[in-house]
Amino acid sequence: MATTLIACTVHRLEPTRQRSSGYAGNMASAELQRLWKLNQIDSGLVDVRLKAAALDVGKKITAELDELKKQDAEIGGHARKLSADLTDLEITQKGIEDKLKKIDKELYGGKVVNSREVENLEKEVAALKRQRNANDEKILELWEVVPPAKAEADKIEAKIAEKQKQLAERKKAAVVEKAALEAEFARLTKLRPDALRGIGPGIMNKYEGIRQRMGGVGMAEITKKNACVGCGTILPERMVQSLREDKVITCESCHRILYYTEGVV
């Protein structure tokens, strides 16, 4: 049963391989020929629906983009933090230098003469220099790690930009593909009413019931080797003979109405 379903799915995906009835030799009845024409239209509609359902709108690219954004949050975020820390330290160092210059002017500019005030300023200078020296060590460390971290972050940002471009292009192409599918669906739908003419209610009801059960395709052609194109089942000679006699026969495996005419592959 699983093999039959897989084979039928392949048939639905390739409706254009079904052939017209204009072959020499035994011919199907006019009614079956009209039903076959209708089946080709219905197969085309199934094909359009399947293609529309499988339309690539960039799902894979979006997933890849999301993964890159996660990497950017981690690697890029780390690089940005290091850069921010370096900037903050450099600003702090400038503030320390400015303060040292100010105190130096106060000490040696004659503004401060009180010994206690001088002592306090000298202590402040010593503390500022210790802080400056500690900051200098941190700055030297950051100068070593910031460039490679930024380089890694830049690579990820470049990949993100490229994926965003790919996604935009894929979505643009999907719009075009969707419009083409909608146009083909409209074209086939318009052909269907004319194709219904000349088909009796009995065989039409049988066809519609099978079509509803079999995913939209109610007929299957027979190959020269007496195989059902819909599911690949080899048909017994008695069934083929009945088809030659213009009887309505269904496949024992996929249950589609069989279409036979000599000259098929």
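Reply: The sulfur of cysteine 231 has its closest cysteine sulfur in cysteine 251, 3.6 Å away, which is too far for a bond, a disulfide being a pair of cysteine sulfur atoms within 2.5 Å. Cysteine 251 is likewise in no disulfide, and the structure as a whole holds zero disulfides. Cysteine 231 counts as buried because its relative accessibility is 10%; buried means under 20% relative accessible area, exposed over 50%, and partly exposed in between, with a 1.4 Å probe and protein chains only. Cysteine 251 is buried as well, at 1%.

This is a predicted model, in which local features need pLDDT of at least 70 and side-chain atom pairs count only at pLDDT 80 or more, while totals for chains, interfaces and linings use all residues. Residues are numbered from 1 along each chain as its sequence is written, and side-chain values use heavy atoms, with hydrogens and water left out.

Cysteine 251 is also one of the residues in contact (heavy atoms within 4.5 Å) with leucine 258, leaving aside that leucine's neighbours within four places in sequence. Others include Ala220, Ile222, Cys228 and Met239. Leu258 belongs to the largest nonpolar core, of 33 residues, where Leu258, Leu35, Met219 and Ile257 touch the most other members. Such a core is a set of buried Ala, Val, Leu, Ile, Met, Phe, Trp, Tyr and Cys residues joined through side-chain atoms within 4.5 Å. Apart from this core lies another, of nine residues, among them Leu86, Leu89, Ala149 and Ala153.
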